[in-house]
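Okay, thanks for making the time, everyone. Let me put the structure up and then talk you through a few bits of it.

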Amino acid sequence: MHKRIVVAGGDGFCGWPAALYLSAQGHDVTIIDNLSRRRIDQRLGIQSLTPIASPDQRLSAWYEITGRRLHFEQVDLAEDFDGLRAALAEIRPDTLVHFGEQRAAPYSMKDAARKLYTVNNNIRATHNLLVALTDLALDTHLVHLGSMGVYGYSDAGIEIPEGYLNLSVQDEGSDRREIEILYPASPGSVYHMSKVMDQQMFQFYAKNDRLRITDLHQGIVWGTQTEETRLDERLINRFDYDGDYGTVLNRFLMQAASGLPLTVHGTGGQTRAFIHLQDTVFCIGLAVENPPTAGSRVKIINQMTETHRLRDLAALVASVTGARIALVDNPRKEAAENDLRVSNRTLLDLGLRPITLAEGVLGETVDIAQKYIHRALPEMVAALSTWTVEQRPGVVTADALARGRQILT
């Protein structure tokens, strides 16, 4: 069914391909973005490995190739409530897909200024959206891109459910009562803490104002391209590889393409959830087409397809690229080893057929890393943002990248 859809943060890594996918499905899509991700690159002295066209060039290319128009409004969700409210009042979207938050855990831990920015930006952006929707009395379905990181990465010994946990609790007498709670949050960074605060706001507005909300707890995204972004180089998606914004797989691939060892933090025993970018946009589409009813609880969906220990992921990349693996200090404050079992039944039941690393589709991402290697700054790959003062900034140096502490292969 044709919908009017707003994609907040639609100029970013997940937002851009999602906007293209939804447009290709026949929806009328408007991107709302303040272009902050581009400015952060400038401040960090880094750029996407892939060349990113201007917003105007991107929109023109999409129309030239497909005949479909993407609309664009430059609005700061966190700072310009009036502009946001005016845009939503004019568009009156059926669905609002919310990517408009600072998305990097290392960046959120970089220093005091980035911690403050992440909380101020993310919490205010989300709350401004919720207030605007209620103030305008819009029956808009809010689809939010959350994070698996709200659950934390301790070994709970159970399969993590989709948002809610059923408990049996003894009352004041001898009877037991069945209750349902949000799965206990355990954020591992300021960024993940902001996502936990998001989900608490969603609970309130769904209960108090009957907003229809879907919260997608997403794993680490791998891959760079989707069917839509492959159509023209002007549509190409971001490839972040730096220590702040580069996901672990992209950093491994950049190191391999640069002839450096793959740097694994600590023992590499940390288990993470992953999903391919093509599956991400497909899952966004599934969420858009399957909204909750007004008055129902927030629909929480685990948006992931597989889990991997980081040392196993490094071994996979090494087998494809021939790179070596090196252990370095872990800049994060986290368990050295953890298991992770996650339920993703909702998306599988809705028709998701996961793209997995084992299928050998890593090759395209390797090819992109090699094609644009001339744009790379290898010295930016190191993860220098540390989680505590005791870890001291800069323990993972460029020299550590080159030599490693323990060569595993």
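This is a predicted model: local features need pLDDT of at least 70, side-chain atom pairs count only at pLDDT 80 or more; totals for chains, interfaces and linings use all residues.

We've got an open sheet of 7 strands, paired in parallel, and the order reads 3-2-1-4-5-8-12. Which strands stand at the edges? Those are strand 3, residues 71–74, and strand 12, residues 299–303. Each of them has a single partner strand, so one side of each is left without a neighbour in the sheet. On average, neighbouring strands here are turned by 20° against each other, ignoring direction.

Strand 3 pairs with strand 2, residues 28–33, in the parallel sense, over 4 bridges.

Now the helix. Helix 7, residues 190–209, lies across strand 5 (141–147), strand 8 (212–218) and strand 12. Against strand 5, helix 7 runs at about 155°.

The largest pocket holds about 230 Å³. Its lining has 16 residues, and the ones nearest the centre are Gly152, Tyr153, Gly188, Lys333 and Glu334. By class, that lining is 4 nonpolar, 8 polar and 4 charged.

And how many cavities of 30 Å³ or more does the structure hold? There are 3. The second largest cavity comes in at about 60 Å³. Residues lining that second largest cavity include Ser154, Asp155 and Ala156, plus Asp339, Leu340 and Arg341. Its lining splits into 4 nonpolar, 2 polar and 3 charged residues.

That's my tour, over to you.

Methods:
Residues are numbered from 1 along each chain as its sequence is written. Side-chain values use heavy atoms; hydrogens and water are left out. Two strands pair if DSSP finds at least two bridges between them. Helices (H or I, at least four residues) and strands (E, at least two) are DSSP runs, numbered from the N terminus. Axes are lines fitted to C-alpha atoms, for helices over the stretch in contact, and angles run from 0 to 180 degrees between N-to-C directions. Contact means heavy atoms within 4.5 Å. On a 1 Å grid over the protein atoms alone, a cavity is a set of points where a 1.4 Å probe fits but cannot get out, and a pocket is an open set with protein on both sides within 12 Å along at least five of seven lines; lining residues have an atom within 4 Å of a point. Grid points are joined across faces, edges and corners, and a volume is the space filled by probe spheres set on the points. Ala, Val, Leu, Ile, Met, Phe, Trp, Tyr, Cys and Pro count as nonpolar, Asp, Glu, Lys and Arg as charged, and the others, Gly among them, as polar.
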